[in-house]
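Subject: The model we talked about

Hi,

Here is the structure I promised to pass on. Have a look at it first, then read my notes below.

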Amino acid sequence: MGGRIVVNISTSANWRRRPVGIVRVEREVTKAIFQHRSEAVVPVYLDVPRGRWMTVKDGCFGDIMSDAWVSSDNPDHDAADVRKHLKPFSPAATDSFVTVGSDWSFQVPDRVEQLYGNHRVLIPALYDLIPLLFPEYAPGMEFYDQFNHHYRAVQRLAKAVFSISETSAVSLREFWESRGLAATAPPVKVVPLAAPVLPAEAPFLDAKERAILEDVEKDGPFIIYVSTIEPRKNHQLLLDIWRELYAERGERCPKLVVVGMRGWGSNDLIRTMERMNAGRAGKIVWREGVSDVLLMQLYSRSTFAVFPSYFEGWGLAASEAAAVGKVCVISTAGALIEATRGLMPSYHPLDFPGWKNEIMRLLDDPAYRTSVESSLTIDAFKRTWQDFGNDFCAKLLDL
Amino acid sequence: MKILQLTNYPIQAPSHGGQIRCAHIAGELRHAGHDVKTVAVYVERDYEPGSEDDLPFGPSSPHWREDFPFLSDYLSGVHALSDAAAIAALATIRDNYLPDVIISEHPWLFAAAEKLAQGRDIRLVYSSHNIEFRLKENMLARAEGSADDRADLVAEIKAVEQHAASRADLVIACTENDADYFRSASAEARNVVVAGNGVEPFSCNAGRVDGWRRYMARPFAVFVSSGHPPNANGFWDMFTPGLTFLAPEEKILVIGSVGHILMQMKGARAFELINSSRIEMVKRMEKKDLQAAVRASHLILLPISEGEGSNLKTAEALESGRPIVGTSKAFRGFEGAALLPHVHITDDARTFRKTVRTLLDAARYEGGTPLEVRSKFYWNRQMEPVVSGIADLFT
Amino acid sequence: MMMLDDEQFIHACFKIILGREADPNGFAHYLDLLKKKKNRSQVISDLCYSPEVTESLLPFEILAAVRRYRSSRLFRLSLKRRVPKPQPATPLEGQPAGASLGPDARREHAHAEQVRLNEALLERLGALQQDVSHLQYSVANASRAPKDILGDGTMRYLFNLSTSNHWRRHAVGIVRVERELGKYLSRFGNIDFVIWDSHGRSLKTLLPYQVSKILSDEWCANGSVGQSFPGAQLSEAAIKAGDIYISVGLDWDHAPTGQLVEYLARFGAKAVLACYDTVPVQFPEFLVRDELGQEFRQHLVEMGHGASEVMAISQSTKRDLVHFWEEAGLERRLPDVFTISLASYASPSQLPVLNAHEHQILRDVFGRGDYILYVSSVESRKNHKMVFDIWRDLWLERGVDCPQFVHVGMAGWGNTDLLGRVPRMPAYIGGKINWLQHVSDDLLAHLYHNCAFTIFPSLYEGWGLAATESLAFGKVCVVSNNSSLEEATQGLMPRYHPLDFIGWKREIERLLDDDGYRKSLEQKISDEHRSVSWADFGARFCDQLVLGKN
C-alpha cells in the first residue's frame, strides 16, 4: 500500500487512566501500525467543540502512546493536555482511515465522509451490536438510534471492518442483510483480542487487599463472577440458584463472590442480593473497586468462575479465568464459546436446571473439575497484544 | 511481709470479676498478717483512680491503639515498661514501700515488676486470671485488619505471658487446666499453685425472693453476665436458633451489662422479635437484689463457650443452690460440682435447650447445693494456696 | 313512627332531621321510595347522610327543631345508643345541652363552641346511623327461623372478624377467605363474632347487626364510606374454658397471635388459626416492609406454642409450616395441622355483561391476536421476568406471528428496573406484551373466557387462586411444579420448575401450535376437575372443627 495510514487516537488522547476495553484496543492497534509502517502513520484527533479533525505534533504523539500517559495522578484534569499540541490536518485521496474507538457516540463515519466524500477509506471497529439486538439491555432507546445510524454509515463508507469476534461479525452481516444492504457491504474481518497474561513473579498485595482475600476465603470454597452489575449480565440467575443452594445446604452452601461495579438498572437486584437468606448468611458477597492483582488472586483461589451473561461481544472475564487455569461456566449466547475455544461447559443463560446441576457437579466432583481444568492449557489462551497487532495489520491493512 | 500488688485497674470498689479476684487476693493476704499495697496502671477512659499512686494510660501514650481497644491492658504493660515517667513513678513507690514480694495481676505488668526487682531481694509472683493469648487471639479473630498484623500481636502477647510464667517465683493459676498450660514446655513455670475464684455466701432477704417470683409470675431462667462479647455469643450459641422454645408468656431474666450487647449479637438476629419478647432485662443490680433474683429463679444459665480462667458466676450459681444448666467450660475448676443432681452440663445446643425446657416444666427444686460443696468456693478456702504459696517463697 | 302514613312520616323526617319543610322534589322522591321498598329506616338513613345535613346545618337549628317537636308525639328518638322499639309515641326524653339558650344568644357564641357542637352532632349522627342499622337488622330478622347449631351444642365458638372489620375495599386473598368463612358460619347460633381491641387487649363481641353489615357486599364495595366498628365501644366477650376461638385473617396486623394466645390461655379457651404460606420466611427479599420478616416469624412461633389446631390452605403450606417449626426448635408438641383447599371465585355459568369501556378493552386485546393470560400482581415472586424472556425469543423467532402475552394485575413493589426495560423490548414495541390493571371481575371473566390458555410460573405459592380460576373457566393453566400449584390444579396440568425457561417455552409453544394437545388438556379439565365452592370450604371447615376430620 502506498498511501498514508491515518489513525484516530482521540479516545487514547482523552483517557489518562489504566487502559481497559476499547481504549486498550485503540492503543494496541496504533502501536502495531506504527511498528510496521511508522513513516506512513498520521495520528488524528477529533476536536469535538469545533467539529474538525486535527493532527497531533510528533512529540505529543509519542507521549500519548507512552505508559506515563495512562498513569496520570490527575486523570480528569490532565486529559485536556493534548489540546495544546494540535495542528491542522488535510486529507489525501490515498489515505486509509483507521478508527476503533466508541465512534458511534461522535458520528465519526459522518465526519470522515465530510473530509473524504464517498471514497471508501474508513477502517472502523465492531465490538458488538447489543443496543441494536437487545435495546432493553441498553439504558435508553437513544443507544439503539446511535448504533442504527452508525452501522448504516459504516456499510456505506468502510473499506473493511475489524470485528473482535466471529459472533459479532455474523450479527453485523445479518443486520445489513435484514436491511437490504448486504450487496454493497464491505468485508468484516475477525481479529480476536489478546488473552490476559499472568504476571511472571508472585503478586504483591497490600494489607487491605490481603484482608479482603482472607475474608473471602475464610468460610470455605467460593465461586466468582466478575462483571459490572447490569441486567444483561444475568446476576439474577445466580441469585436464584443460590437461593435454592442455601435452602438445601445451609451452612455448607458455597459462597458466591460478585466482583463488579454497580451499573444501571440494578437497584432491585442489589437489594435482593442483600436481603435474601443466602445474602444475610454471608453466602453472597459483593466487592467493587478490586485491583487487577487482587482480581487475579481471587480467580486463582476460587473453585471456579461463572459467566451467565445474556449476550457478550467477547467476554474477557471468561478468558481471564482460563488464564489461571480455572473453569468458567459460560452462557451459550454471544461470543463466550468463541472466546474460550469451546473448552468450557456452556448453557443457555436461562437454563436454570442446567446451570445449577453444572455448578453442583463442579463443586462436589473434584475429579470432573480437574479434568476440565487440564484441558485449558493450550496456546490459544496465550495470545499476546503483539499477536493481535500483527494480525490486525495483516488482515486489515495488508502489512 | 510487705507485698506490692500491681493491677490493670483500681480495686478499691470492685465490680467486675478481675477486680473482685484481685481484691480478695489482697484481702486474704492481709488476713494472713501481711501488708499489701495495690497500685494500678489503668486505662483512663475506663476507670477512676483508686489512689494517688495509680498511673493512668491513654491516647496520650505512644503505645495506645485506638483500633484494638481490647488490647489496652497489654499495651498498658508496654507503656509501664517503656514510659520514663511511669518507670520513675513505680521506682519511687518501690523505694518508699520496700516490698518483699511484687505480685503482677495478669502478665502485662510482670516485665515492669521484674525491672523493679532487679538487683534486689524481691520475689516475683505472676497471678494469672486466664490464658491470655488464647483469649486475645479469639478477640482478634473477630476484629478487622490484616491477618499478619493480628498474628504478630498474638505472638507478642504469647511471649509476654510465657515470660511471666517462666520467670516468676510463683505462678497462681485459676484452674487446673491453666496450671497445666503454665507447667508445660510452652511456658515452663517452675512453681504453680491453683486458686480458683470464690464466692460470698448469699445474704438476700426471703421476702425479696418472693417478690421476684411474684413479679416474674412464672418459672423463669436467669442469666447473669458482664458485657464481655464472648458471654453474649455463648448465650446465643447455646440457644441457637433463638428463644423459640419458650412459650409466649415465658421470659429469661437477663441481669448485667450483657444486656447492652445481647440483642446486637449475630445470633440474636434470626428470631429477633421473639428473642426480645422472651427477655426481661435489668442492666444493673445491687448485690443483694441480684442474689434475691437469682434465688427466685427456677434455674440458672451458664452458657459459657469461650475463655479460660475460672468463672465467678459458676461459684455464685452453686452458692445460690438453684439448678444450673451450663457448658463444660463453665465448670472448669468446679469439677467437684459437676456430679450434683441439680447441675446439668452440656455443650450441645439442642440438649441445652431441651434441658432448660424440661426444668421449667418441672416442679421447683428446693434441694440446694450441699454446704461442703458450696463452702469450698468461699474466698478464704479458694485463696489458701495463694497464702501458703507466698509464705513458702521465703522458706 | 310506624303508625304514621307515608306522607306524614316523610314530613316528620324532614322536620326532625333537616329542620325544614319537605321540598316537593324531595318529598316525591322519598314517597316513591317508600311505595317501592317500604323501607322507612332507609329514608331516615338517607336523610341523615344527605349533603345538606353533613355539610351545612348549624347545630343549634337542629337542637331547636328537636325542641320544637318534642311534644309532637310523633315518635321517640333515642339519643342514647339503644334499639328503638316500635311503640306508641311518648314525649321526647332528655334535653340536649345548651338548648335552653335562645337562637340569638347562640349566634354570638364563639366559633369554638360551634365546632364542639358540630363534633357532638356528627357523633350523634353516627350513633343514629348505628341505631338505624340495628333497627334495619331487627326488622329484617324479626321473623327468621332459629339458627342452626354447630356440633352437638356443647361447644361455643368465637370467630374473629377483625380483618374484615378493617377492610373496606375489594376483598381478595386472605380477607376474602375470612369473609367467606364468616358468612358460612353466621348461620350457626353457637358462634359469636368478635374483634380484637388492641388498646384494651381483649376480645370484644360484635352485635348481630354489625356482623351483618361487615359481611355485606356494600362493606367492601369500592368507594364505600364509613369507619370500622371500634372495639372500645363494644363489650368484652365472656369466654369460658373449652371455648374455641377461630381466626383466619391478617392476624399479625389486627390480632397479634402472641397477645391472643396469652389472652385465651387465661380462660382456658383454645385457638384454631390459619397459615396461608411461609413467603416471609423463605423469601425475605420480597418483603416490602423489612420488619414483616421478623413479625411473621414471631407470628408462626406464637402459633406453634398457642394454637390447638392450624388450618393450612394446601399440603405444601402444611409441609412448609411444620418444617419451619422443626427448624425453629419449639421443643413442644406442635398443633395439629389440617388442610382445606380454597374455593374458586369464579362462577362462570353465565358471562356478565360488560360496560362500553370494558368492552373496548376486550376488543383491543382480542384484536391483537391469540393471547396467553397471567393473572397476578407484578412482583418478583410471580416471575414475570421469565415470561418476558420467553416473549423475547418468541418475537425473534415468530415476528408478527408471536402470540400476545396479557398480564392482569397491579404493580407490586420491587420491580421498577424490570418494568422500566420492558417498553424497550421489540416484543413490546410490536404490541405483543399487554399489561392491564384495575380490571373488574366482570372483565376478568371475559379475559379468561377468550384466552388461549393461562400460565402461573410463580416462584412460590400458598395456594394459587388464579390457577384454580383458570380451570373453573375450563382453560389450561401451566403451573410451577413446586409449592401448592399442583394441588391448586388438582394435579391435572403441565408443571415445570419455575425457572426452567426451556421447559416453559417448549410447553407454551406446544399449547400454541398443537391444537389437539391443548384440547386434550381442556377435556381433562372438563372430565376431572371438581370445582370447590365456598359452601364446600365452609362445610369442610366445620367438619374439621366438630369431627376432627374433613
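Two residues are counted as in contact if their C-beta atoms, placed from the backbone, lie within 7 Å. This is a predicted model, in which local features need pLDDT of at least 70 and side-chain atom pairs count only at pLDDT 80 or more, while totals for chains, interfaces and linings use all residues. Residues are numbered from 1 along each chain as its sequence is written, and chains are lettered from A and ligands numbered from 1 in the order in which they are written.

Let's start with the chain contacts. Chain C brings 16 residues into contact with 19 residues of chain A. On the chain C side, the elements that give two or more residues are α18 (416-421) and α23 (501-513); helices (H or I, at least four residues) and strands (E, at least two) are DSSP runs, numbered from the N terminus. The biggest share comes from α18(C), with four residues. By class, this side of chain C has five nonpolar, five polar and six charged residues. Here Ala, Val, Leu, Ile, Met, Phe, Trp, Tyr, Cys and Pro count as nonpolar, Asp, Glu, Lys and Arg as charged, and the others, Gly among them, as polar.

Chains B and A also touch: five residues from chain B meet four residues from chain A. The chain B side divides into one nonpolar, two polar and two charged residues.

Now for the inside of chain B. Its domain assignment (bounds come from an automatic or database assignment) gives domain 1 (2-198 + 379-394) and domain 2 (206-377). Taken over C-alpha atoms, the centres of these two domains of chain B are 30 Å apart. In their contact, 19 residues of domain 1 face 14 residues of domain 2. On the domain 1 side, α1, α5 (132-141), α7 (176-183) and α16 (379-382) of chain B each supply at least two residues. That side holds four nonpolar, 11 polar and four charged residues.

Finally, some strands to find in chain B. β1 (residues 2-7) and β2 (residues 35-43) pair in the parallel sense over six bridges; two strands pair if DSSP finds at least two bridges between them. Across this pair, B:Lys2 stands opposite B:Asp35. β2(B) also pairs in the parallel sense with β3 (residues 55-57) of chain B, over three bridges, and there B:Val43 has B:Phe57 as its bridge partner.

Enjoy exploring!
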